[in-house]
Amino acid sequence: MSGIIRKEINEDWAHTGIVKAGDYCFLSYCVGNIGGTIEEQINGAFDQMEKRLAIFDLTLESVVHMDCLFRDVWNIPVMERIIKERFHGKYPARKSIQTNFAHVGGENGLQFQADAIAYCGSFK
């Protein structure tokens, strides 16, 4: 298992923020600006995703797949607009899911979360 690198380990949650395994990085629980507008939360999640990717010298353009979780799936067009602004045409495959988050704050708290897979191998 020496080829697996785990960063941002949270012992309380039994959670790892980013795991590099082979040519891929797996990111979980990317959230930000909790309690803000949906736009602020989506940008906050992508800010956190960018920060984690930078650990391995990657960018949002390295992301090949995302699972996007919404409290209200009707906010997908907001996310799509932000993806167009931030991913520079390098759009990942994705799915969007509506869920009730088990997070402090209820309806006024967490509205968006993204999990992602990024390619971190070399293109030859």
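1. Buried here means under 20% relative accessible area, exposed means over 50%, and partly exposed lies in between (1.4 Å probe, protein chains only). Helices (H or I, at least four residues) and strands (E, at least two) are DSSP runs, numbered from the N terminus. This is a predicted model, in which local features need pLDDT of at least 70 and side-chain atom pairs count only at pLDDT 80 or more, while totals for chains, interfaces and linings use all residues. Residues are numbered from 1 along each chain as its sequence is written, and side-chain values use heavy atoms, with hydrogens and water left out.

2. Among the buried residues of α1 are Ile38, Ile42, Phe46, Met49, Arg52 and Leu53. The cover over the buried residues of this helix, judged by contact (heavy atoms within 4.5 Å), includes β1 (4–10), β2 (15–21), β3, β4 (63–70), α2 (76–86) and β6 (112–119).

3. The structure holds seven salt bridges, each defined as a side-chain nitrogen of Lys or Arg within 4 Å of a carboxyl oxygen of Asp or Glu. Arg52 counts as buried because its relative accessibility is 4%, whereas Glu8, at 34%, counts as partly exposed.

4. Arg86 forms a salt bridge with Asp47, with 2.7 Å between the closest N and O atoms, and this pair joins helix α2 to helix α1 across 39 residues of chain. Arg86 is buried at 15% relative accessibility, while Asp47 is partly exposed at 39%.

5. On the surface, Tyr24, Phe26 and Val64 form a nonpolar patch with about 250 Å² of accessible area together. Patches are made of residues with over 30% relative accessible area and no salt bridge, like charges being joined within 9 Å and nonpolar side chains (Val, Leu, Ile, Met, Phe, Trp, Tyr) within 5 Å; accessible areas come from the Shrake-Rupley method with a 1.4 Å probe, and for residues only the protein chains shown count as cover. Phe26, found in strand β3 (residues 24–30), is partly exposed at 37% relative accessibility.
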